[in-house]
Amino acid sequence: MRVTVTPGIPQGTVRVPTSKSVAHRYLIAAAFTPGETRLRDLPDNADIRATLRCLRAMGAAIRQDGTGATICGRVPVGFPPDAVADCGESGTTLRLLLPFALLQPAGARMTFTGAPRLFARPLSVYEDICRAQGVLFARTEAGVTVGGGLHPDAFCFPGDISSQFVSGLLLALPHLRGDSSLRLTGQVGSASYIGLTLDALRLFGYTVGADGVQAYRIPGGQTGRAPEQTLCVPTDQSAAAFFGAMRTLGGDISLADFRDDGAQGDRVFGAYMERLCREKCRLSVADCPDLAPILLVVAALHHGGTLCDTARLRFKESDRGEAMAAELRRCGVRITVGENEITVEPGVHAPDEALCAHNDHRVAMSLAVLLCRTGGSIDGAECVAKSMPEFFDTLRSLGIAVRTEGET
């Protein structure tokens with residue numbers, strides 16, 4: 001789908017979607033904790049639909065009602081034989097759920113399928129664990145099949161690959177019979193996302209000991225308990241950042257029903273954008289890598305700047321550093337992508353040709369914010385459905401003219 005954006009200043013009120021990062025964790029914890037859990041304000045996007053689909057393939061009973069859901073939890077063993085779970089393009093779904101398949105009895109098998117790009121992204125932590133314990137891990141371009149029989153252990157791996165490996169193990173290991181530990185080496189990236197997982201575990205009655213962000217003690221034999229109160233999913237700070245960026249264009253935008261849980265790393269978007277509007281500065285995205293694309297746009301539109309700790313952007317839905325650099329250069333931006341930092345100089349003009357979304361929802365939405373200033377088109381813009389399918393309708397509601405061609 002090609003989207004053409006006419007220049008304008010966004011004005012109005014937006015209700016930002018709720019957090020898919022939190023929703024993934026609530027859904028998974030609820031599905032594997034005995035009892036009934038009620039969730040409210042679930043976001044509706046491709047990634048959350050993937051997690052719901054996979055949980056049902058694993059035998060979970062989930063009843064949806066509008067934006068709410070009731071989950072009848074169960075212990076995480078005895079999945080349907082040779083179950084197949086389609087993760088779509090959701091790396092979070094795959095990485096958070098795969099350890100639960102390893103909890104099955106030895107000899108059981110489960111297959112995770114999805115888009116080809118999903119299985120080009122790192123899974124080495126789980127592959128190494130399975131190899132060390134003699135558990136099946138068979139990977140192809142189209143999916144990965146794993147066996148059961150994981151046993152408690154002292155797990156150790158680098159902390160800078162993806163925090164989702166840590167979160168997946170923290171969610172699953174309490175269900176083993178014995179105690180386990182996790183130790184992360186080197187720099188730990190996206191530590192706030194690990195914090196979201198620990199918060200979810202506490203809500204569901206699980207005990208995990210944390211020694212800073214690099215060491216965790218996980219007692220085994222836990223079953224947890226379903227929360228008595230309905231859980232409300234907070235506002236998605238990653239999504240809010242796009243509308244925060246629109247404010248830097250001069251727009252008067254209000255965020256309705258904004259619920260800040262105080263835990264999401266991306267909540268720094270306002271402070272970061274304020275600095276970029278004031279001066280050329282250096283900012284770390286170690287704990288908020290999803291902000292990188294929109295921060296690059298804000299930097300280009302104002303005083304420039306440097307983002308550091310960007311190495312992990314290579315392993316997102318696209319190689320986000322290179323993808324953003326390619327599209328910003330089409331808009332006249334001077335940008336340098338290094339091993340672990342990206343520097344942007346100020347100054348943009350309207351692109352001479354359509355920009356490319358690189359099948360990456362955050363790239364597409366960031367470029368759309370840029371085009372509110374310059375005007376222009378984006379090819380492949382349908383990928384916004386991964387996290388915010390209503391994005392372009394919301395842009396229209398803010399007074400920006402948006403034309404779609406070849407809508408899917």
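## Strands E10 and E11

Pro158 stands opposite Thr185 in E11. E11 covers residues 180-185 and runs parallel to E10, with 5 bridges joining them. Strands (E, at least two residues) and helices (H or I, at least four) are DSSP runs numbered from the N terminus. Two strands pair if DSSP finds at least two bridges between them.

The two strands belong to an open sheet of 4 strands, ordered E10-E11-E13-E12, with mixed pairing. Its edge strands, E10 (154-158) and E12 (209-211), each pair on one side only.

## Basis of the model

This is a predicted model, in which local features need pLDDT of at least 70 and side-chain atom pairs count only at pLDDT 80 or more, while totals for chains, interfaces and linings use all residues. Residues are numbered from 1 along each chain as its sequence is written, and side-chain values use heavy atoms, leaving out hydrogens and water.

## Asp290

Asp290 lies in the loop between strand E16 (281-284) and helix H9 (292-301). Asp290 counts as buried because its relative accessibility is 13%; buried means under 20% relative accessible area, exposed over 50%, and partly exposed in between (1.4 Å probe, protein chains only).

Not counting residues up to four places away in sequence, Asp290 touches Tyr193, Ser238, Asp266, Lys316, Arg320 and Arg362. Contact means heavy atoms within 4.5 Å.

## Nonpolar cores

A nonpolar core is a set of buried Ala, Val, Leu, Ile, Met, Phe, Trp, Tyr and Cys residues joined through side-chain atoms within 4.5 Å. The largest has 73 residues, of which Phe100, Phe112, Leu170, Leu182 and Tyr216 touch the most other members. Helix H1 (residues 20-31) gives this core its largest share, 8 residues.
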